[in-house]
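Here is a short briefing on a few local features of this model.

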Amino acid sequence: SSVKVTDAFARSPIRRSRIPDQLIEALIAVPLFCREDVAVFHADPHAGNLLYDETNRELIVMDWALAGRLSLESRRQLVLLVVMTTLRNAAGVRLAIRALSRNSPEPRRERERLIDSRVNRFFSQLPYGRSPGTLDAMRLLDEIALAGVHFPTSLFFFRKSVFTLDGVLQDVAGTDIRIDYVIVREFLTRWLGSFGMFHSP
């Protein structure tokens with residue numbers, strides 16, 4: 001029988017500790033690293049939509065009424081954004097966000113000036129020794145969007161889904177889960193498993 005994912009293995013911390021990786025892989029890594037031109041992702045992964053089959057140790061994702069779609073190029077830039085943020089590479093972050101906003105209606109020079117200034121401010125205010133990650137990258141996108149830069153609607157839904165999933169992860173395992181670590185691990189696993197032939201995205 002299935003239970004809500006936040007209730008799964010309540011009396012077995014070891015088994016419960018494996019659930020966050022399953023959540024991140026299914027809801028973030030699989031759509032990001034999909035080989036198709038367009039990938040579908042669940043845009044509302046709150047706990048009520050996520051069941052867990054304790055017998056088979058399987059995640060069951062319900063209610064796909066709110067789903068988003070990301071192009072291969074958008075996914076590529078999102079992965080680069082996460083990796084460059086984690087590496088504290090401000091130039092790489094600026095380039096990824098510029099690419100994600102490429103179809104924005106604002107004048108290009110003004111848009112890039114705004115993006116660059118917000119990215120530079122983000123890194124200048126980042127405490128020394130703190131390792132930024134996926135959530136920081138999504139918050140930075142939100143801040144830039146609020147400042148007036150337009151991004152595709154699908155990107156808004158993806159950011160929303162990441163924040164929603166993070167809330168579920170905290171309910172399951174506390175604050176020790178890093179989404180970006182799982183994303184990087186999944187990419188390396190796919191790359192090594194294909195003998196270096198896996199380049200997507």
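Glu58 counts as partly exposed because its relative accessibility is 45%, where buried means under 20% relative accessible area, exposed over 50% and partly exposed in between (1.4 Å probe, protein chains only). This is a predicted model, in which local features need pLDDT of at least 70 and side-chain atom pairs count only at pLDDT 80 or more, while totals for chains, interfaces and linings use all residues. Residues are numbered from 1 along each chain as its sequence is written, and side-chain values use heavy atoms, with hydrogens and water left out.

**Around Glu58**
- Strand S4 (residues 58-61) contains Glu58; strands are DSSP runs of E, at least two residues, and helices are runs of H or I, at least four, numbered from the N terminus.
- Beyond its neighbours within four places in sequence, Glu58 is in contact (heavy atoms within 4.5 Å) with Gln22, Leu51, Tyr52 and Asp53.

**Aromatic pairs**
- Rings of Phe, Tyr and Trp (its six-membered ring) pair if their centres lie within 6.5 Å; planes under 30 degrees apart are stacked, over 60 edge-to-face and the rest tilted.
- The count by this rule is 4 aromatic pairs.
- One of them is Phe9 with Tyr52, edge-to-face at 5.8 Å centre to centre and 70° between the planes.
- This pair links distant parts of the chain, 43 residues apart: Phe9 is in the loop between strand S1 (2-4) and helix H1 (13-16), and Tyr52 is in strand S3 (residues 50-53).
- Both Phe9 and Tyr52 are buried.
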